[in-house]
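Me: Hey, I've got a new structure to look at and could use a hand getting my bearings. Can you walk me through the thing?

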Amino acid sequence: MAAPSASSWSWFVPLALGVTLLKSLLIPAYHSTDFEVHRNWLAITHSLPVSQWYYEATSQWTLDYPPFFAWFEYLLSAVAQYFDKEMLVVQNVNYASNATILFQRLSVILVDVVFIYGVMECCKCVNRIKESKEIMERPAFILAALLLWNFGLLIVDHIHFQYNGFLFGLMLLSIARMFQERHLESALLFAILMNFKHIFLYVAPAYVTYLLRSYCFTANTPDGSIQWKSFSFSRLFALGSIVCSVFAVSFGPFIAMGQLPQVLARLFPFKRGLCHAYWAPNFWALYNVVDKVLSVIDVKLQLLDPAKLSKASMTGGLVQEFQHSVLPSVSPFTTLVCTLLSIMPAILHLWLRPRGPRGFLQCLILCALGSFMFGWHVHEKAILIAILPLSLFAVQNKNDAGTYLILVTAGHLSLFPLLFTGPGNELKGIELRLQLSSRMFDCSLQA
């Protein structure tokens, strides 16, 4: 693939600058409780020694991200003290001065530089053969617009408030390196990404399968059969060393302090329940509704004692453990089995019929969709893990573009309840998700 000339990228800077200016206009916009979550993490990492980071519980929004993100918050706090030192006091729960809002909003915009760079690298991987002279018809331009101006990411990061942009930047950069056959660099970036936010474990099977099959095995046959003699132990050692080194740097200090069980308990809080507070429109949302409908019918028919119904809320901000009334209650292990069954065809196909980086990316998207549909306590924002990579296919293939249109419409619409703040709007958000659950399930099957 020929390297694009500098003049052919003259449109990229205005496109990136334009969305950055839009983000700056959203600084005074509504923000969710996640704003307080990250302020509290700034305070924890700044005010307390490392040994207390994963034990501190003054606020209900305890630190529950991997260590790299904790250190990221620590670095941010070094700058935050020059805006407003009060935001770094652990006891100042729900503190949100104008200076605090300005700092946290600007910090999200600033670290989005990583996302912009990841987008640019992905655009270089787009097939440029027979490229149109019209900028608006160029696949690279369309891809940059779809990614940089992704509506869901704008909602989640710059209104609702989170730091997903630079994390997706790492993911896109890792994908780009895979297309550029820089496998070790791709593995390094993905290992770093998982130690920033463990939700990306959803797509780890695609990375493990592809790197083992297409990097550690140095020869492939047209029929996809494995040439065992071509297996390279040196490549496996290099790959394993990189991944293990990243995890050692991340978790090593906590292992040395004997705190690994506590850190893992924070990262995987299974007691939070099957569904997140704002239901992701997945299979379990439909499952919950069916159980609810059946329980109402059984109560009406006097087949079920109302006193025995679960008292835990399925819609609260901090979801409790919820026991289904009629249908069998779902355990984390059950969701794991369902998730593995849903992604296994894609994994096996990638192993048996490797088709290069394109096959890897298809598997990654299907792993993201399978985990979204059947995972435990799935956040509605997780749909972006499938939407953003699918953008690379949407600009090159009409069939993929059709799938993308369905997924991006349903996925972004499901994020709208994050903006609802008035009384009763939680119910509207749940109703919206129920309508989208069946559509997204159909979309995942189509993909």
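Predicted model: local features only at pLDDT ≥ 70, side-chain atom pairs only at ≥ 80, totals over all residues.

Me: Ok. How many helices and strands does the protein chain have?
Reply: The protein chain has 18 helices and zero strands.

Me: Back to Glu181, is that one buried or exposed?
Reply: Glu181 is exposed, at 61% relative accessible area. Buried means under 20% relative accessible area, exposed over 50%, and partly exposed in between (1.4 Å probe, protein chains only). Its backbone also has a phi near 60°, a positive value in a residue other than glycine.

Me: And Asn94, what's its phi?
Reply: Phi of Asn94 is near 60°, also positive in a residue that is not glycine. Asn94 sits in the loop between helix H3 (67-80) and helix H4 (98-111), and it counts as exposed at 58% relative accessibility.

Me: Zooming out, what percentage of the residues count as buried?
Reply: Of the 447 residues in the protein chain, 51% count as buried. The chain exposes about 20300 Å², and carbon and sulfur atoms supply 66% of that. Those areas come from the Shrake-Rupley method with a 1.4 Å probe; for residues, only the protein chains shown count as cover.

Me: What about contacts between residues at least 6 apart in sequence, what share join residues at least 24 apart?
Reply: That share is 74% in the protein chain. Contact here means heavy atoms within 4.5 Å.

Me: Now the inside. How many residues are in the largest nonpolar core?
Reply: The largest nonpolar core has 126 residues, and those with the most contacts inside it are Leu148 and Phe200. Helix H15 (residues 356-374) gives the most to this core, with 11 residues. By nonpolar core I mean a set of buried Ala, Val, Leu, Ile, Met, Phe, Trp, Tyr and Cys residues joined through side-chain atoms within 4.5 Å.

Me: Which residues is Phe200 in contact with?
Reply: Setting aside neighbours within four places in sequence, Phe200 is in contact with Leu167, Phe168, Met171, Phe190, Leu193, Met194 and Ile385.

Me: And where is Leu147?
Reply: Leu147 is in helix H6 (residues 139-148), and it is buried, with a relative accessible area of 0%. Leu147 and Leu388 are 241 residues apart along the chain, yet their C-alpha atoms are separated by 6.5 Å.

Me: Nice. Let's switch to serines: where is Ser250 found?
Reply: Ser250 is in helix H11 (residues 233-256), and at 0% relative accessibility it counts as buried. Beyond neighbours within four places in sequence, Ser250 is in contact with Pro67, Phe68 and Asn195. From Ser250 to Ile192 is 58 residues in sequence and 8.8 Å in space, C-alpha to C-alpha.

Me: What about Ser295, buried or exposed?
Reply: Ser295 is buried, with a relative accessible area of 5%. It is found in helix H13 (residues 283-300). Val326 is 31 residues away from Ser295 along the chain, and their C-alpha atoms are separated by 6.0 Å.

Me: One more: which residues does Tyr65 touch?
Reply: Tyr65 touches Trp41, Tyr54, Gln162, Phe196, Lys197, His198 and Leu267, not counting residues up to four places away in sequence. Tyr65 is found in the loop between helix H2 (33-47) and H3, and it counts as buried at 12% relative accessibility. Tyr65 and Arg266 are 201 residues apart in sequence and 7.6 Å apart in space, C-alpha to C-alpha.

Notes:
Residues numbered from 1 in each chain as written. Heavy atoms only, no water. Helix = DSSP H or I, 4+ residues; strand = E, 2+ residues; numbered from the N terminus.
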